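Here is a friendly walk through one protein model, looking at ring pairs, a helix contact and a few backbone details. Have the structure open beside you as you read.

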Amino acid sequence: MPAPPVLDAPSPFDAAWREEVGAGLDPDGLALIDRAVAWAEPRFEGQHALTGEPLAGHGAGVVRVLAGLHTDAATRAAALLAALPTDLMAPAPSLRSDPVAAAFGAEIARLVQGTRALLRLGVVARQASDAEAESGSQKEMQRKMLLAMAADLRIVLMRLASRLRSLRWHAESKAPCSTAFARETLDLYAPLANRLGIWQIKWEMEDLAFRFLEPEKYKQIARLLEEKRAEREAFIASAIERLQAALARSGIEAEVSGRPKHIYSIWNKMRVKGLDFSQMYDLRALRIIVDDVRACYTALGMVHEMWTPISEEFDDYISRPKPNGYRSLHTVVTDDDGRPFEVQIRTREMHQFAEYGMAAHWRYKEAGSKGGQVAASSEYDRQLAWMRQLLAWNTEVEGGGEPAGPAPGKPAGKGRNAAAAPAHTDERIYVLTPQARVIELPAGATPVDFAYHLHTDLGHRCRGARVDGQMVPLQTRLSTGQTVEIISAKSGGPSRDWLNPQLGFLASPRARAKVRMWFNAIELQQRITQGQALVEKELQRLGKTAVNLEQLAQNLGFARADDLYVAAAKEEFSLRQIDTLFQQPAPAAEPQPAALRSASAGSAEKSGKSGVLVVGVGSLLTQLARCCRPAPPDAIAGFVTRGRGVSIHRSDCHSYLALAAREPERVIEVAWGETSDTFYPVDISVRAHDRSGLLRDLSEVFARLRLNVVGVNTQSRQSLAHMVFTVEVRGGESLSRALDALAEVQGVSSAVRR
């Protein structure tokens, strides 16, 4: 229950607070903070958050956190105004009618509106009824969505500062903190701070959330740390004295200190690695801060001279920075008693980045000599570029390894790829289902794309949509953060208009493919009905109406009766063959399997004419190797066999490469000659989800492309099918068409040449 307001409570906006939050600001920045306080303080009077925290105290605390991150005056003022009470579910006012915009300008109004939009996302997510919304992949999607919703990265910093302030209030006031609130902090906000490189916020969030989630374990580790504190501090003081003396003798200016301990990271490492508290070597750790990179490596050499290094525990994040920009040297050495401890070495600029993440980036790269001042007119182009990279990275590991890194400045697990993020990625948007499940879609996606992403059948039956509770046309382009609800019919299918790119119903190639498949299936059913009528009419004419149609189709070389009907409807099969079949005596031997046909007369295997010329030699017997089945225009090579002429392989064939390495003197140069009249057998590997009618649909593709199938091998395991078809083709073009067509068959995950 919210705490009652305290009468005559002291104002949180006192002189000490003003001095602290004004650090690094010029007179204009200080004046802006004063205006924000004067405007907001009467509106805060008597207002409390649902947790019971006074909103005035919350706003003051958030600004204090942001001042510690060296943010600009606009961010600090906007954070104070964003803490004012408001109806989060009401639509944001336009800038013309927004009182904040009227009093403080468009920039601060946008920051306030953006922060409230993120708060609304949190409310919707907490009300989620979909179990999938709590999964690890959904937590990662929420982090991406939170970043994407913030047109200005300062909004994300404001949100992180607000969450940290709420945790601090629970700790200071001893008011109960809900498990869901603490869990959300560990799952969503701490990894987000880690991704932005703001370790200062990340570690404090994790320790406070862990304190509320596991109070007994927190107290146990805190007690163990306290028991060893005197011994640890004595060792660190001695080591600092030795290091400072050695560095001074070498003329290196340095700050040497002990590294602070974080209870959550200690517990997490004990849990993940199965270690006892006594086995934690980095409970004792030093940090060396020097002027430049050369001094970092000089200091590293001195540390390794003074103590024995453990080579496998050395990490050079200066030459190979982490993806989020972190740089430092990490090494583990053993003292005179053989006990290990960690040393981190970095420059002052690297240390600022390790502590403040993106805030330090702005301070050093954009503000220059102005310290904490950042010009609002820059539009934060650098931040937006960073955001695009952040959205492209997915380096958090849910459930497994350490979700937030083993030490300050270790943003990811050891051994991760430290290369920079891709320079360009397709833009994505993130929208919500009514159950708060986050859905990732391509930029420009519509409600129809959204429906097909949820389920193919829902897409087919989509007839309307509500976005944030309002009915919208199906061509409406969705934006990140919107909640989308689909209105569907009980039955029916898509409109052909959806395939018209000019009308803008679909932006997703995947959704377009599903619509095309639906119409292809309708067309196929129409052909089956039409062909069945033709076949039955022919059977009536012949007086054979009692014939088993499935058996008839197999006797005519088709796998199923439907294949016969389709061929008849397309006029690819002459109905006279039915009459001819009844005139012939029944074959003595079993019929050939329907899916297979004998090799054509022009087949390279049957005719023996490979169309391959042996360079510089007259007529030589050549044969196409079955291990790789070469066909024009493949790059080929020849290998002289014993008694069977020259065997022709693809140049990248593993068997050929092994033979050539063993007996290089038998390799011979070959080239394609006249191949236009020759068919070449190639193997096509198809992997798909097994279902009824799969082989029929694949056979339909080969029939439509007029490709002769001379062999097939199928395997099915746990609802997955793997089929290898040997198909005769004239060259690479017909093979490419076949692979593209097979890939579009429902359920097929891959279709490649072997």
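Rings of Phe, Tyr and Trp (its six-membered ring) pair if their centres lie within 6.5 Å; planes under 30 degrees apart count as stacked, over 60 as edge-to-face and the rest as tilted. By that rule, a search of the whole structure turns up 13 aromatic pairs.

Before looking at them, a word on the model. It is a predicted one, in which local features need pLDDT of at least 70 and side-chain atom pairs count only at pLDDT 80 or more, while totals for chains, interfaces and linings use all residues. Residues are numbered from 1 along each chain as its sequence is written, and side-chain values use heavy atoms, with hydrogens and water left out.

**Aromatic pairs**

Two of the pairs are set out here.

| Pair | Geometry | Centre to centre | Between the planes |
|---|---|---|---|
| W307 and F341 | edge-to-face | 5.2 Å | 85° |
| F702 and F725 | tilted | 5.0 Å | 55° |

W307 sits in the loop between α14 (293–306) and β3 (308–309), and its partner F341 lies in strand β6 (residues 340–347), so the pair links parts of the chain 34 residues apart. Helices (H or I, at least four residues) and strands (E, at least two) are DSSP runs, numbered from the N terminus.

Elsewhere, ring pairs join F210, Y218, Y264 and W267 into a cluster.

**Two helices in contact**

How do α3 and α8 cross? The axes of helix α3 (residues 55–68) and helix α8 (residues 153–173) come within 8 Å and cross at roughly 120°. Axes are lines fitted to C-alpha atoms, for helices over the stretch in contact, and angles run from 0 to 180 degrees between N-to-C directions. The two helices are therefore oblique to each other; angles under 35 degrees count as roughly parallel, over 145 as roughly antiparallel, 65 to 115 as roughly perpendicular and the rest as oblique.

On the α3 side, the contact (heavy atoms within 4.5 Å) is made by G57, H58, G61, V62, V65 and L66. Residues of α8 that take part include L157, M158, A161 and R165.

**Backbone details**

Most residues other than glycine have a negative phi, and most peptide bonds are trans. H70 has a positive phi, near 65°, and is found in the loop between α3 and α4 (73–82). At 18% relative accessibility, H70 counts as buried. K174 likewise has a positive phi, near 60°, in the loop between α8 and α9 (179–195). With 69% relative accessibility, K174 counts as exposed. A cis peptide bond joins P632 and P633, with omega about 5°; P633 is found in the loop between β13 (622–624) and β14 (636–640).

**The whole protein**

The protein has 27 helices and 21 strands, and 48% of its 754 residues count as buried.

Notes. Buried means under 20% relative accessible area, exposed over 50%, partly exposed in between (1.4 Å probe, protein chains only).
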